Amino acid sequence: MKRVVCALLLLGGVLAGCADRPVETDWPEITREMKPWTRWWWLGSDVDSLGLTYNLEAMAKAGMGGVEVTPIYGVKGREAHYLQYLSPEWMRMLAFTETEAERLGMGVDMNTGTGWPFGGPDVSIEDAATRAIFQRYALAGGERLKEPLAVNDRRQAAHAQLHKLMAYSAGGEKLDLTEQVAADGLLDWTAPEGESYQLVALFIGKTRQMVKRAAPGGEGYVLNHFDKEAVMRYFGKFERAFKQHNTPIPHSFFNDSYEVFGADWSDSLLDEFEKHHGYRLQDYFPELLANGENDISVRVVTDYRETVGRMLKENFTEPWVEWAHALGATVKNQAHGSPANLLDLYAAVDIPECETFGNSDFDIPLLRKDSIRKVNDGDPTVLKYASSAAHVTGKPYTSSETFTWLTEHFRTSLSQCKPEIDQMFTSGVNHVYFHGSTYSPQEAAWPGWKFYASVDMSPTNTIWRDAPSFFDYITRVQSFLQHGTPDNDFLLYFPVYDIWSEQRGNYFISFTIHGMRERLPKFCGGVEEIMRQGYDLDYISDQYIQNTTVENGLLKTVGGTTYKALILPSVQYIPLETIEHIRQLAKEGATVVFMDQYPSGVPGLARLEERESRFAELMKDFPTVNSFDQVTMQSFGRGKILTGSDYADVLSHCAVQQEAFVSEIGGQLIRRRHTDGHHYFMTLLQNRPVDGWVPLGVDARSAMFFDPMTGKKGRAALRRHNGRTEVYMQLQPGESVLLKTFAKSTVDTEMWDYYKPAANAPLHLEKGWILRFPESDPVIPESYTLETLGSWTDLPGEDLKRNKGTALYTNTFMMEKNPESDYRLDLGDVRESARVRVNGQDAGTLYAVPFRTNIGALLRDGENRIELEVTNLPANRIADYDRRGVEWRIFHEINFVSITYQPTQFDIWGVVPSGLLGPVTIQEIKQFEP
């Protein structure tokens with residue numbers, strides 16, 4: 001840390017000075033949380049101390065900060081080596097893992113189960129995931145039900161029990177006939193004359209879902225997450241195992257995305273429903289089953305969905321957190337997939353975790369686009385559920401399951417990973433977990449032990465050779481993003497009741513990551529429009545709006561985070577308590593934005609007339625708006641009410657500065673606040689290079705750039721222009737940078753390096769390259785003199801079309817060096833990463849677009865020598881294995897499937913380009929001060 005003296009400022013003829021203050025101009029001190037972590041698949045829990053040490057040392061050396069242990073199915077032929085989950089031997093290996101990780105400066109997390117979701121052999125059928133089975137019968141007046149009441153689904157016959165039998169007359173009578181059903185299932189009841197009746201029987205059955213990808217000793221039924229007693233019995237086995245074997249408690253317990261399929265009920269649901277809503281759900285079974293065909297049905301279904309969400313939170317998520325805290329651990333949870341308001345579930349845990357699933361289509365020149373891809377379901381509008389919950393509640397970390405199915409296995413490059421992770425950073429992620437790494441013993445034949453859906457951050461993947469540079473990049477970015485506090489502009493109300501009222505076809509719905517945009521097009525579209533305008537936002541739920549206060553005109557959430565306005569995005573249904581609190585917030589000085597309309601009513605059926613009447617009275621208190629087609633801003637108490645239909649127009653009246661890097665240039669960023677200013681992470685994920693002055697959304701006296709790719713830093717050029725602070729920025733598509741601003745201090749440090757090309761043309765290194773293979777499988781003994789650059793797979797020789805490895809490209813060139821200039825090496829298209837040496841000295845590792853670095857300090861007059869170690873993907877090698885029938889798919893259960901989840905041979909792949917494709921240029925560049 002440097003101590004600098006604030007510059008004296010002449011303001012209005014008055015000399016004003018600042019006292020000495022400490023200013024942090026260095027990179028933050030690195031902790032293990034700042035490094036990337038990884039989900040660590042234990043296949044069959046077939047681990048031993050030698051293998052654990054080998055794997056952990058490799059990960060620590062590469063720059064990983066920790067592992068998240070998840071046991072799954074095993075390797076064929078290794079059954080005798082499997083360890084039963086939570087057995088004494090398994091617990092001993094976990095303890096050894098924790099000891100070794102501690103020695104290496106790493107942390108250990110643990111899945112509270114095997115595979116996913118939670119479940120296993122200790123989950124009895126009574127504690128297993130539960131579903132409702134409704135059966136309908138019709139009786140005319142004077143008729144009796146002839147057949148016994150029994151579930152029609154034969155698969156449910158052994159477990160399903162009649163829970164409720166209701167009769168509904170055409171005239172509106174509702175009768176509970178449950179007590180009139182005998183043990184043999186016969187109903188002792190005759191429909192009264194003159195009335196027809198519909199009978200609805202509720203049987204409570206079991207989903208019979210088994211744990212997916214279970215490890216040995218983890219097989220069994222999936223847990224009933226809605227039953228608190230069942231949940232606590234499930235966690236009890238973990239507590240007993242840790243105590244019995246005196247095993248240290250992991251750093252954190254983890255839960256994967258909620259994938260409990262078909263579980264829509266629990267024995268206590270009717271009681272819970274009546275307790276919270278004040279009426280009996282069984283009186284409205286026909287409306288529940290109508291799935292939103294009329295207003296009453298919509299309201300009943302909404303109340304059901306709210307009840308299920310509350311039960312999941314109160315009977316599973318919160319008890320799990322309390323249990324873990326009692327043991328001294330934290331909880332990391334993926335709430336997506338749940339049938340609940342995701343924000344509340346994410347907010348209930350210590351570390352909310354989102355995930356990416358697939359590949360984004362970034363417009364970045366030379367970014368490799370794979371012909372085999374899945375569109376990314378984890379776009380920023382989806383990623384923000386987890387980070388919003390963390391920001392609103394003051395949680396320091398938002399983690400991510402990173403790179404699930406980024407591309408097909410063996411085809412993912414580090415250059416594809418970087419823009420994906422940059423987008424995650426700008427969406428609020430600051431604690432990356434790779435998906436993932438597989439425990440594989442050192443002696444295992446290549447490609448080693450693999451999990452089908454992972455990018456495979458492990459030593460047997462060729463990208464591992466240069467991955468440490470990527471890990472360093474992540475660490476540097478997270479070192480900033482884990483400091484300070486969030487500084488997003490707006491809170492956006494998540495209209496869950498509108499969503500529940502609009503989603504028809506089934507009374508049970510869940511918020512899965514897949515297809516979220518398609519199911520919530522209006523909400524996601526609004527989020528994107530707000531961000532396109534250069535603003536950032538967090539989502540907020542009803543629960544956390546009701547805990548929000550006003551401080552100096554800003555909205556302050558329960559976690560202490562402040563926002564400039566609350567936006568309601570064309571909301572129709574809103575709880576009475578929420579709109580009451582919003583009104584109070586506005587009266588106390590908050591700015592509240594209503595888009596398209598004022599809310600028109602309350603959700604749900606209970607005490608509807610009473611609540612609607614109170615709602616109408618409340619809404620009369622809000623300013624009258626003649627038309628939402630025009631922007632209106634009206635005072636309301638000490639606050640303001642803004643209305644309109646166009647986000648750009650409405651938000652421009654909120655006195656919030658746009659970030660021009662986003663609104664004018666099309667970049668992505670996230671901004672956080674520190675004690676004397678702000679820091680930004682900025683990334684350019686489209687083809688619009690920046691070289692000029694960029695207005696900032698905050699004021700600053702001075703600023704510094706930090707380059708997370710190289711570790712370089714320097715004082716940024718700032719100016720005051722048109723009443724705003726502007727920074728001079730140079731950024732190419734695919735590049736990113738950290739900016740730290742200081743509101744009161746003037747930084748006294750070296751200037752950031754700004755460059756412009758010299759007038760002379762760049763030097764093209766086209767010919768004269770010598771190519772050989774120091775590392776290759778199969779071995780390539782030949783060397784090649786290249787007349788032109790291109791994929792080494794195009795050279796003569798079949799082995800070059802099927803090898804994986806590292807090629808060494810060497811060349812010499814003559815140069816008359818200008819001592820006042822620097823020189824930029826640009827490798828053009830690289831497949832897939834390159835270590836650069838100039839005149840025998842390291843010039844860095846290039847693994848992402850743009851593949852370029854400055855080498856002026858390493859050049860000399862006369863002859864110079866450049867060496868490039870270029871590593872390709874393992875795709876061609878694994879395709880060759882399949883063509884030759886090499887048996888490497890040696891795994892139980894799902895074994896090894898393609899990105900479509902189908903068994904596929906990779907011999908159908910075409911040859912993937914490999915090596916240095918170029919063009920390679922060296923451009924003289926000159927420093928300048930803007």
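D466 sits in the loop that runs between β18 (431–438) and α10 (467–481). The structure is a predicted model, and the mean pLDDT of its protein chain is 95.

**Around D466**
- D466 counts as buried because its relative accessible area is 2%, and the cut-off for buried is under 20%.
- The side chain of D466 forms a polar contact with the side chain of R835, at 2.8 Å.
- Leaving aside residues up to four places away in sequence, D466 touches L414, S833, A834, R835, T845 and T871.

**Nonpolar cores**
- The largest nonpolar core has 217 residues, and the ones that touch the most other members are W265, F285, M457 and F470.
- Helix α6 (residues 295–327) supplies the largest share of this core, with 11 residues.
- Another core, of 39 residues, lies apart from it; F362, Y809, L825 and I866 are among its members.
- In soluble globular proteins, nonpolar side chains tend to be buried together.
- M457 touches, among others, M64, F403, F434 and F470, not counting residues up to four places away in sequence.
- L414 is also one of the residues that M457 touches, and L414 is in contact with D466 too.

- Strand β6 (residues 66–72) is mostly covered, with seven of its seven residues buried.
- In a regular strand the side chains alternate between the two faces of the sheet.
- In β6 both faces are covered: one side has G66, E68, T70 and I72, the other has V67, V69 and P71, and all of these are buried.
- β6 pairs with strand β5 (residues 37–43) in the parallel sense, over seven bridges, and W37 stands opposite G66 of β6.
- β6 also pairs in the parallel sense with strand β7 (residues 107–111), over four bridges; here V67 stands opposite V108 of β7.
- A right-handed β-α-β unit is made by β5, helix α1 (residues 49–62) and β6.
- β6, helix α2 (residues 88–103) and β7 likewise make a right-handed β-α-β unit.

**Confidence**
- In the protein chain, 98% of residues reach a pLDDT of 70 or more.
- Over residues 1–20 pLDDT stays under 50, and the model has 37 contacts beyond four places in sequence for this stretch.
- Where pLDDT is low, the predicted coordinates should not be read in detail.

Key
Residues are numbered from 1 along each chain as its sequence is written. This is a predicted model: local features need pLDDT of at least 70, side-chain atom pairs count only at pLDDT 80 or more; totals for chains, interfaces and linings use all residues. Side-chain values use heavy atoms; hydrogens and water are left out. pLDDT is the predictor's confidence in each residue, from 0 to 100. Contact means heavy atoms within 4.5 Å. Helices (H or I, at least four residues) and strands (E, at least two) are DSSP runs, numbered from the N terminus. Buried means under 20% relative accessible area, exposed over 50%, partly exposed in between (1.4 Å probe, protein chains only). A polar contact is a pair of N or O atoms within 3.5 Å; within protein, one must be able to donate a hydrogen and the other to accept it, and residues adjacent in sequence count only if both atoms are side-chain atoms. A nonpolar core is a set of buried Ala, Val, Leu, Ile, Met, Phe, Trp, Tyr and Cys residues joined through side-chain atoms within 4.5 Å. Two strands pair if DSSP finds at least two bridges between them. A crossover is right-handed if, with the strands pointing away from the viewer, the path from the first strand over the helix to the second runs clockwise.
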